[in-house]
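Here are my notes on this model, point by point. Please read them with the structure open.

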Amino acid sequence: DDKHRYRITKGTRDRPRLVRLATNVIKRDHPNFCYHSLHFNRGFGSRLHADSNNWGPSLIIGLGKYNGGRLWVYDETGSDEYIVPVGAEPVEGYPKIKPGATVYGRYYNIDHEWHLFNGNIPHVVEPFTGERISLIAYCGKNNLHIQQKLRTRLSRMGFPVLNEIKY
């Protein structure tokens, strides 16, 4: 169905050099990482959420000159407290995460450092000041259903498109 149909976005088509730069850097730093989607956030810190359509790990890095902006990932065995903001939306499948609750996880410094994490687990970006751009690479759940024509186009753009993925 069209809801899960993959396509190359206008932003990707309009910025081929940026996409090529990003795919080259990921290939240099994480040559075996499989992804077909890139997401750039400029000056944006995500609210507490869990991605619902990711498959496999996500890879993130923070760029720019900023303070704060670490990635917090929910982990009941973690030692870093996070107080869920009043008015926060519930995170499906995580009943302990509710407005006003103190939950535990781990903070990760992503300032010019790559970090692999499971985006399907609740996560949030801590507040930051300054100019921050984050880059996230990941696969969607339906990645094996990408049409061959699109796989070819993605491969030409530097994405590590695999015809068969084994885990």
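**Notes on the predicted model**

1. Start with Leu38. Leaving aside neighbours within four places in sequence, Leu38 is in contact with Val19, Ala22, Thr23, Ile26, Leu135, Ile136, Ala137 and Phe159. Keep in mind throughout that this is a predicted model.

2. Leu38 also belongs to the largest nonpolar core, which has 17 residues. Leu38, Ile26, Tyr35, Leu135, Ala137 and Phe159 are the members that touch the most others. Helix H2, strand E2, strand E8 and helix H3 (148–156) each supply at least two residues of this core. H2 gives the most, with three residues. A second, separate core has ten residues, among them Leu48, Tyr74, Tyr82 and Val91.

3. Helix H2 covers residues 16–29. Its length checks out: at 1.5 Å a residue, 14 residues should span 20 Å, and the end C-alpha atoms are 20 Å apart, which agrees. Which residues of H2 are buried? They are Val19, Ala22, Thr23 and Ile26. These cover an arc of only 95° around the axis, so they sit on the same side of H2. The background is simple: an α-helix has 3.6 residues a turn, so residues three or four places apart point the same way.

4. The buried residues of H2 pack against helix H1 (10–14), strand E1 (37–42), strand E2 (54–68) and strand E8 (128–140). The face turned away from the buried side carries exposed residues: Arg17, Leu21 and Arg28. Note that a leucine, Leu21, is in that exposed set.

5. Helix H3 can be read in the same way. Leu150, Arg151 and Leu154 are buried in H3. Seen down the axis, the buried residues of H3 fall within an arc of 105°, so they line one face of the helix. Lys149 and Arg156 are exposed on the face turned away from the buried side. Just after H3, Gly158 takes a positive phi of about 105°.

6. Strand E3 (residues 71–74) is covered on both faces. Leu71 and Val73 are buried on one side, Trp72 and Tyr74 on the other. In a regular strand the side chains alternate between the two faces of the sheet. E3 pairs with strand E5 (residues 102–108) in the antiparallel sense, over four bridges. There, Val73 has Arg106 as its bridge partner. Three bridges join E3 to strand E7 (residues 123–125), again antiparallel. Trp72 stands opposite Val124 in E7.

7. The side chains of Asn54 and Asp51 are joined by a polar contact of 3.3 Å. Not counting residues up to four places away in sequence, Asn54 touches Gly119, Asn120, Tyr138, Cys139, Gly140 and Lys141.

8. Last, look at Ile110, in the loop between E5 and strand E6 (115–117). Ile110 is buried, with a relative accessible area of 1%. Not counting residues up to four places away in sequence, Ile110 touches Ile60, Ile61, Gly62, Tyr66, Gly69, Leu71, His115 and Arg132. One of these, Leu71, is a buried residue of E3. Ile110 and Val91 are 19 residues apart in sequence and 23 Å apart in space, C-alpha to C-alpha.

How values were computed
Residues are numbered from 1 along each chain as its sequence is written. This is a predicted model: local features need pLDDT of at least 70, side-chain atom pairs count only at pLDDT 80 or more; totals for chains, interfaces and linings use all residues. Side-chain values use heavy atoms; hydrogens and water are left out. The expected span of a helix is 1.5 Å times one less than its number of residues. Buried means under 20% relative accessible area, exposed over 50%, partly exposed in between (1.4 Å probe, protein chains only). The arc is that of the directions from the helix axis to the C-beta atoms. Contact means heavy atoms within 4.5 Å. Two strands pair if DSSP finds at least two bridges between them. A nonpolar core is a set of buried Ala, Val, Leu, Ile, Met, Phe, Trp, Tyr and Cys residues joined through side-chain atoms within 4.5 Å. A polar contact is a pair of N or O atoms within 3.5 Å; within protein, one must be able to donate a hydrogen and the other to accept it, and residues adjacent in sequence count only if both atoms are side-chain atoms.
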